[in-house]
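Student: I've just opened this one and I'm new to it. Could we go through it together?

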Amino acid sequence: MAHILSSFDEDFTQINATIAQLGGIAEAQLLEVTDYLEKRKVDGLDALIARDKELDKLDQDLHEQAIRLIALRAPMAQDLRRVIVALKVASSLERIGDYSKNIAKRSKVVIPAQLDGAPMASLIRMSGMVQEMLHSVMDAYMEMDANLADEIRARDLEVDKLHTSLFKSLLEAITEQPDKVAIGSHLLFIAKNIERIGDYATNIAEQVYFLVHGEFPSDERQKADTSSLTQDD
Amino acid sequence: MEEKPKITARDVNVFYGDNQALFGVGIDIPANNVTALIGPSGCGKSTFLRCINRMNDVIEGCSVRGNIHIDDANIYDAHLDVVELRARVGMVFQKPNPFPKSIYDNVAYGPRIHGQATSKADLDNIVEKSLRRAGLWEEVKDRLAAIGSGLSGGQQQRLCIARAIAVSPDVILMDEPCSALDPIATAIIEDLIEELRNKYTIVMVTHSMQQAARVSQKTAYFHLGKLVEFGNTSDIFTRPQFEQTEAYISGKIG
């Protein structure tokens, strides 16, 4: 259904365009930094880090567009939810960008070094899973598809499980090579950052559900990331 | 426990000649709340409002079927005194319409004709109390003999509210009470409405979605003579249950 006042729809088109750009860049940043890790190359990571500023700028643009729309259009019902959800999604995407930036910074140290037994293949696989979640959740947002959003929430469980097992493998590798604690710690943080991006994608999925239904999903999401419970033997 | 509704309407049908304006409207309006009636022009919201104090009786060819009770009294009972009903159910109109009389006489008019004041002092007291409740006393206390129509638009509307409450009604009906007022005068009236609901049950027709959202606790959406949706204002404006309501409050068509 279209608004009688067509400029109202144009405002939403503009907001969606900004979110699409944010989503596109956030996804590309994660994809690229994972590629650097996989191919063990560092040239170009600085450019990737610098590119995070684009996300910050777009997030600010979105805030201005949203505030203007609220002030001038006084949106109601789903229109109001669309604006509020756009604000939250933009902030989530901006945070996702920060995590990719942080991964890139740590990668500059990690890539030239060597930690035997580091589960790099699993790390890259987890990043791929998260990147797919991010891609799907942006589709769900644009199509206002609450069913797809629900499915994405379930996928986060697999990411959590993988992160827990990665965490254990990394601890073992660090234990065996005490002179590589710095590298090992950076890898722990990289794994955690990827897992957090999965959480943000899940948050966006919950926002999409709210956008469509006017309430948040009632079922408590299962958690499988038990790495924070890890103890010394 | 749900409180007993102040106004109960059941299967209300209204006809203007052969033209049916309301179709089977049923609603429970709670006491000491502001209930906003919204909907596009011609949807029947003002018709329904005018049923509550039988203002439709004076319209040629208009007939009302169904039941409307205020508390336990059927207001369409053949023995009911309509003049008395209109004292219990006051009305404020879109355009401020003070009588061509002094400020004092505008407010004193109702209590006089209903014989509610026993002495001049008594009447003075009612006039002051009503003007205070309408938030107008401080502005007019030194010129009560001045003509009511000499006041500003917002003041005139508050004078009409004072006139309505002077006869101690239970219910106040408002038909777009702010549509002729500027934003400041509107804000003053809205603030007053919020205050008045402690003492009265208020039913208000408004074309301003923002006004309905700001001042009412309950909202009823009418469309083509039917009551589509009725519920808490906070729900109606954030997640209405019916697509028709959603489209109307968001200004959509399709």
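Student: Which residue in strand 11 of chain B stands opposite A:His3?

Tutor: Keep in mind that this is a predicted model. Strand 1 of chain A, residues 2–3, is joined to strand 11 of chain B by 2 bridges, and the two strands run antiparallel. In that pairing, the residue standing opposite A:His3 is B:Lys252.

Student: Which element of chain B gives the most to the side that touches chain A?

Tutor: The contact takes 13 residues from chain A and 14 residues from chain B. On the chain B side, two or more residues each come from helix 8 (209–215), helix 10 (243–249) and strand 11 (252–253). With 3 residues, the one that gives the most is helix 10 of chain B.

Student: What radius of gyration does chain B have?

Tutor: Start with the make-up: chain B has 10 helices and 11 strands. Its C-alpha trace spans about 55 × 45 × 40 Å along the principal axes. A compact globule of 254 residues would come out near 18 Å, and chain B agrees with that, so the value is 18 Å.

Methods:
Residues are numbered from 1 along each chain as its sequence is written. Chains are lettered from A and ligands numbered from 1 in the order in which they are written. This is a predicted model: local features need pLDDT of at least 70, side-chain atom pairs count only at pLDDT 80 or more; totals for chains, interfaces and linings use all residues. Two residues are in contact if their C-beta atoms, placed from the backbone, lie within 7 Å. Helices (H or I, at least four residues) and strands (E, at least two) are DSSP runs, numbered from the N terminus. Two strands pair if DSSP finds at least two bridges between them. The radius of gyration is taken over C-alpha atoms; the globule rule is 2.2 Å times the number of residues to the power 0.38.
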